[in-house]
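Biologist: Please pick one part of this model and take me through it closely. Then show me how it sits in the whole.

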Number of protein chains: 2
Amino acid sequence: MNKEVGITASKNDDFSEWYTQVVIKSELADYAKTTSGVIVLRPDGYSIWESIRESLDKKLKETGHRNGFLPVLIPESFLSKEKKHFEGFNPEVYWVTQSGDKPIGDRLALRPTSETLVCMLYSKWIEGWRDLPLKINFWNSALRAEITDTRPFLRTSEFLWQEGHTVHATQDEAENEVMEILNIYKKTIEEELAIPVITGKKSEKDKFVGAVYTTALESLMPDGKALQMGTSHFLGQNFSKPFEIKYNDENNVETYAWQTSWGVSWRLIGGMIMTHSDDKGLVLPPKLAPIQVVIIPIYSKEDREKIILEANKIKDSLSSNNVRVELDDRDNHTPGFKFNDWELKGIPIRIEIGPKDIAKNQVVMARRYNQTKDDISLDKVSETINLELENIQQQMFVNAKKILDERVVRVSEYQQFKEELKNGKMIDCSWCGNQTCEDKIKEETGADLRVVPFDGTQKSETCIYCKNSGTTNALFAKGY
Amino acid sequence: MNKEVGITASKNDDFSEWYTQVVIKSELADYAKTTSGVIVLRPDGYSIWESIRESLDKKLKETGHRNGFLPVLIPESFLSKEKKHFEGFNPEVYWVTQSGDKPIGDRLALRPTSETLVCMLYSKWIEGWRDLPLKINFWNSALRAEITDTRPFLRTSEFLWQEGHTVHATQDEAENEVMEILNIYKKTIEEELAIPVITGKKSEKDKFVGAVYTTALESLMPDGKALQMGTSHFLGQNFSKPFEIKYNDENNVETYAWQTSWGVSWRLIGGMIMTHSDDKGLVLPPKLAPIQVVIIPIYSKEDREKIILEANKIKDSLSSNNVRVELDDRDNHTPGFKFNDWELKGIPIRIEIGPKDIAKNQVVMARRYNQTKDDISLDKVSETINLELENIQQQMFVNAKKILDERVVRVSEYQQFKEELKNGKMIDCSWCGNQTCEDKIKEETGADLRVVPFDGTQKSETCIYCKNSGTTNALFAKGY
């Protein structure tokens, strides 16, 4: 049977094939085998999304955001109201033109993003300064027809995400919101997914269509490509003016409001898979693992009952300590088969328990992420496992951070830029700020300007391309 | 300003207008003012949906169901694989025919329901008996183009719902699932929404297209129309055969599996509004109220500080007891204005606190649902409020149940049937089981057969229409 075959591609040799096999064979997702680039989430995959959602939703509610629901259909007349925005999305919009057997007059777009619909609503809902700030988030999906290079979680025609849309009385307040959200994203991605990220501003060329500026979180994947993990946009008054989002201030003067929008998608799951997994399959950070611990009993016919009894005791003890635990007592499979099966699924900790272990009042604890094993005392299983889960979560982040730090390389010569890029590095260099240089670099090397980092050390060098001075730090890499 | 005007229609005189005003003015939802019959949920409305989802999701997970994600686009070739099913949905399907500027070959339907896509997937995922039962639920939205008689929550072209799809090894197990879900729905609707329901089987005519039979939950709204609150379908092997959902049993014999599907939608929120609300606006059961208690301080300039201080103490005390509480300290509105405002929004309990109350070491507690007031001791506010919230929740159900019971009328003569129907009653009568009588009754009175109730007392009478014997109990009413 297919699903009993493990990963047959190597992460080092064929990253792309390896990635797809991990996603499909670990049963996180499957192709809908219908429209190109459309996936379904199986329960393990959706469970990871639920955990991310729960963690992020909590942080958003604590900072005064509330959730709402928006319809997926947006009439063309709305979408086209902010021109640049519309032109940016138009090529990838799905259009509904019929209902039943009848043609529809005004074409309906499947939401590529909801700024236009939201702005129409906000212009109705906001009257005075007391209605501000208005901070609403929407957990839904967006649709953008992707034809080429589709990849589960990374590039699909429909994707789960959240889109937040806020309105503020002042520019300052809106800009603070942009940064608050960026920090909430960073915390979630680093603490839950154990992926280190670099934050910064996108260049003019790559900002969100319609925004004043876009901030983003970037990480570098093991194949040397950067992955954008989320964005938080300052919209200024670019939408409030065409959509007439105005409020009366305390002196009853009518003023255009200031806006932000921001989102992260299930692309985060793709980043997590690429960052942590290996040739045996998925490696999950404990906080997001649907099952955190699997117990594999090792027994012969004679001692089956006794071993299963002990295994169940461990299961109950972990369960009552809020560990998500499963006992694999299938009789038709060998322990070896089970080891492979659960390693493929990325379960953080495996406990092995056999007659010899019981005799020594211990069990074997095996860590998925670094393939190490330890004997642990039966009397302290629950305590040990809880600490270990926390430790694994932290260590996975520390390891990934170390790798990222090593792979961001400071260069001052263009020749070196090109060499290091070929080595799969992210390039930290000086840039004059002109799109001409950005375009030339892209054309000649394939690298995009990922972000102008917020915490980049300001080194006063000349632009890596044109050698002019008056530069800023910028990070370049090939991207997804 | 519009929102400062309360409900201007009366529930008794113009139910339909009253309903729409309650939904819009209490800010649960708004029209997207775009496509006909499309609404958005504002934060208070979405919060109610979140609470329903949370409660139901917990019960589903406890009974071994897990969640997944399905794409909204379904190719026509899939949808048409089960013929009756396709014909049933076809008139209301939205079709995507273009992406960007290019036509799409195979038209893509916006999911009216996902049986066909799910079956295609399940046929891949299921191999042996160990893969069963497979019980996956999907929280998403469905789209059915509604042109006429659209109404927020009750009839909209896109609606939030959950759709569960399960596969079982035996018919018995599948039929037990159908009933388990029906009971979970009943518990949720009665205990959370405080709406009493009657469960039973739909007639052949009204069953889900493609099902063997459909079970449903029905309630009677104050305007005398029945509202279907949810359905749980036994699909038999009607889908497993065309979609080849087969498994190898323990003897390695290939067998077609047995299936169920079931769903409830945000229509539940519509039922809750109609059942409990009144001419002052929304009335929310405490369990689903985004805010359960609002504190209104009553003060003059001199004692403002002191009163607000006391009000905040109450707020903190309730908050720390997990009561969702808000203090309305807006200075620009009178207490009277605030009373109306929060009554419109259906907050279960209002606490009034003024200098006279403090002097007597008490506050006034006003209940939204029955408009009664009591003085309660300041020393026991938290304790009293917690008990009162439970009491209100129960009493709202008891009241609604009493009304429902009174309005289900047993009749044995067709003349009486017609008269009671005009009085807004649900008719409990005997029926021969033939669709001819069901159709004639519909034609002559407008009443549908809502369900053959599961707990109907079997009265051996002749059919209300044809007077033949060999009857079953059936409930008739006009419906939404």
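Modeller: In β17(A), I349(A) is the bridge partner of V293(A). Strand β15 of chain A spans residues 293–297, and strand β17 of chain A spans residues 349–353. They pair in the parallel sense over five bridges. Strands are DSSP runs of E with at least two residues, helices are runs of H or I with at least four, and both are numbered from the N terminus. Pairing takes at least two DSSP bridges between two strands. This is a predicted model: local features need pLDDT of at least 70, side-chain atom pairs count only at pLDDT 80 or more, and totals for chains, interfaces and linings use all residues. Residues are numbered from 1 along each chain as its sequence is written, while chains are lettered from A and ligands numbered from 1 in the order in which they are written.

Now widen the view. The sheet is open and has five strands, in the order β16-β15-β17-β18-β19 of chain A. Its pairing is mixed. β16 (325–327) and β19 (373–377) of chain A each have a single partner strand, so one side of each lacks a neighbour in the sheet. Direction ignored, neighbouring strands are turned by 25 degrees against each other on average.

The largest nonpolar core has 274 residues, and I295(A), I427(A), I295(B) and I427(B) have the most contacts inside it. Such a core joins buried Ala, Val, Leu, Ile, Met, Phe, Trp, Tyr and Cys residues through C-beta atoms within 7 Å. Buried means 20 or more other C-beta atoms within 10 Å of a residue's own, placed from the backbone. I427(A) touches V409(A), F417(A), L421(A) and L475(A), among others.

Last, the partner chain. Contact means C-beta atoms, placed from the backbone, within 7 Å; by that rule, 43 residues of chain A meet 43 of chain B. Strand β5 of chain A (residues 94–99) gives the largest share of chain A's side, six residues. β5(A) pairs with β5(B), residues 94–99 of chain B, in the antiparallel sense over five bridges. There, W95(B) is the bridge partner of Q98(A). The copies meet through the same surface, because 100% of the interface residues of chain A are also interface residues in chain B.

Definitions and conventions: Contact = placed C-beta atoms within 7 Å. Axes fitted to C-alpha atoms, helices over the stretch in contact; angles between N-to-C directions. Buried ≥ 20, exposed ≤ 12 C-beta atoms within 10 Å, placed from the backbone. Lists of a residue's contacts leave out its neighbours within four places in sequence.
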